[in-house]
Amino acid sequence: MFDAIRSFFAPAEADLRPETDPHIAACTLLVEAALADGIYADCEQAQIRTILGSAFGLSAARVAFVLEQGEELAESAVDHHRFTKVVKACLSRQERIGLIEQLWLVALADGEKSPFEEAFIRRIGPLLGIEDRDRIFARTRAEAQLRTR
């Protein structure tokens, strides 16, 4: 009887999709930020790799896997809600603000200030429960970080 109840509440195999992994969901948002202007530059991909390795603490093999999954999901995504929902559920407010800063790092990695990338991050902020003030401060920190490199 308990096995039947346990199996009822256990996730079905169909629910084990890559976008339910918070690293892959966050990576997909990072890739979507890079793609917002229509160009996925090598420097943007390199920035995403750096973020996955340093901020998320992933091994090189895991970075490659997560990035591959994130790129595939970003290419086929029709909305951002399924990714932001996972990230919002799994990350603290401070971690989500950090993700906004990382989105800016990716968007600004190519040296261009694209209105499309800016609009994307402006849309993502509220979906992650981040206020405009925190989003603006995150951009300022990202710009300062890029200037010091």
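Trainee: Leaving aside neighbours within four places in sequence, which residues is Glu 143 in contact with?

Mentor: Glu 143 is in contact with Leu 108 and Lys 113, where contact means heavy atoms within 4.5 Å. This is a predicted model, in which local features need pLDDT of at least 70, side-chain atom pairs count only at pLDDT 80 or more, and totals for chains, interfaces and linings use all residues. Residues are numbered from 1 along each chain as its sequence is written, and side-chain values use heavy atoms, with hydrogens and water left out.

Trainee: Why is Glu 143 called buried?

Mentor: Buried means under 20% relative accessible area, exposed over 50%, and partly exposed in between (1.4 Å probe, protein chains only). Glu 143 has a relative accessible area of 18%, and therefore counts as buried. Its place is in helix α8; helices (H or I, at least four residues) and strands (E, at least two) are DSSP runs, numbered from the N terminus.

Trainee: What makes Glu 101 buried?

Mentor: Its relative accessibility is 16%, so Glu 101 counts as buried. Glu 101 lies in helix α6, residues 93-108.

Trainee: What makes the pairing of the side chains of Glu 101 and Arg 141 a polar contact?

Mentor: A polar contact is a pair of N or O atoms within 3.5 Å; within protein, one must be able to donate a hydrogen and the other to accept it, and residues adjacent in sequence count only if both atoms are side-chain atoms. The two side chains make such a contact at 2.8 Å. Setting aside neighbours within four places in sequence, Glu 101 also contacts Ala 138, Ala 142 and Gln 145.

Trainee: What makes a set of residues a nonpolar core, and which residues have the most contacts inside the largest one?

Mentor: A nonpolar core consists of buried Ala, Val, Leu, Ile, Met, Phe, Trp, Tyr and Cys residues joined through side-chain atoms within 4.5 Å. The largest has 37 residues, and those with the most contacts inside it are Leu 29, Ile 48, Leu 52, Ile 100, Leu 103 and Trp 104. Helices α2, α3, α4, α5, α6, α7 and α8 each supply at least two residues of this core.

Trainee: How are the axes of α2 and α7 placed?

Mentor: Helix α2 (residues 22-35) and helix α7 (residues 115-127) pack at about 145°, with axes 8 Å apart. Axes are lines fitted to C-alpha atoms, for helices over the stretch in contact, and angles run from 0 to 180 degrees between N-to-C directions. Leu 29, Glu 32, Ala 33 and Ala 34 in α2 meet Glu 117, Phe 120 and Ile 124 in α7.
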